[in-house]
Amino acid sequence: NVRGRRWHLAHFPACIHVLLASRAPVGVVIRRGPSGHVATMLWDRTRDEFTIGQWLKGHLYERRSDLSPDGEYLLYFAAKHIRVSDAGGSWTAISQAPFLKAIALFPKGDCWHGGGLWTGEATYWLNDGYGHTVLRNSTAVRRDGNYFPEGFYGYEDLSVYYPRLIRDGWNLVKPRSGGDTIKVDVFDKPIDAHWSLRKLAHAGSAIGGPKGRGCYWDEHQLVHRTSCVTIAYPDWEWADLDGTRLVWATGGKLFTGSVLAEGLANETLLFDFNGMLFTPIEAPY
């Protein structure tokens, strides 16, 4: 009912994950909520302007997805968990960012492996332990048969997510700590000579985690590199560096700020993704 829906929106903000292009000032925001509804948005990081891409009624695995270095192409893994088309219940796709309409489509059928990484402007690694077939392909992009990420992080989200973090300048400083059901891997990224951004990557169970986050979720800290003073931000579900500025997501909103000698300053709201509702949108290609 309407009253129940409003209560849900009020108490469970949108979940936000961002993919940043490494060689262009753009990004793709993956916005999830309510359950089973995902939207993609283009982020112009020069003007801090946001443009809607497309909605998906299904699950998009943001940790198994990647944005090409020039921001032109989105590689993603998605599932509906029911066989609704020749794509099966799950698939890896490549699209023109920020849209989801596939120019290359690889049905999977299950949720082991899936997704991949960009190895160049138009070359990609497909995370294919087994099961992908080719339903549609494109001459605009090419599979890189010579690349395979170092390290083994399982068969699900971390198989793509951790190699992506390491590729993008995060240092894995403390792997696998925690209890029997929840594991925590610690990543650091230097901000300046004094501060580092720390990512605590939780994996293994939704029990004990924040509501709406699922089996994999992150929290963050600012760590002073000489005094070891730590400022915790457990509600930051995503955070990274955009040039010299810090950007992060919490409560369904995207923020930016500066890290000064005394810590975080100049906090500014960039966009509030709450309140968005599913709207059918056609890709322009």
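**View 1. Strand 3 and strand 4 run antiparallel and are joined by seven bridges.** Strands here are DSSP runs of E with at least two residues, numbered from the N terminus, and two strands count as paired if DSSP finds at least two bridges between them. This is a predicted model, in which local features need pLDDT of at least 70, side-chain atom pairs count only at pLDDT 80 or more, and totals for chains, interfaces and linings use all residues. Residues are numbered from 1 along each chain as its sequence is written, and side-chain values use heavy atoms, with hydrogens and water left out. Asp 44 stands opposite Glu 49 in strand 4, and in the hairpin of these strands, which has four residues between them, Asp 48 takes a positive phi near 55 degrees.

**View 2. Strand 2 (residues 26–32) pairs with strand 3 (residues 37–44) in the antiparallel sense, over seven bridges.** Val 28 has Leu 42 of strand 3 as its bridge partner, while Val 26 stands opposite Asp 44 in strand 3. Four residues lie between the strands of this hairpin, where Gly 33 takes a positive phi near 135 degrees.

**View 3. Strand 3 is largely enclosed by the rest of the structure, because six of its eight residues are buried.** Buried means under 20% relative accessible area, as found with a 1.4 Å probe on protein chains only.

**View 4. The four strands form an open sheet in the order 1-2-3-4, with antiparallel pairing.** Strand 1 (15–20) and strand 4 (49–57) are the edge strands, each of which pairs on one side only.

Technical notes
Buried < 20%, exposed > 50% of the residue type's maximum accessible area, 1.4 Å probe, protein only.
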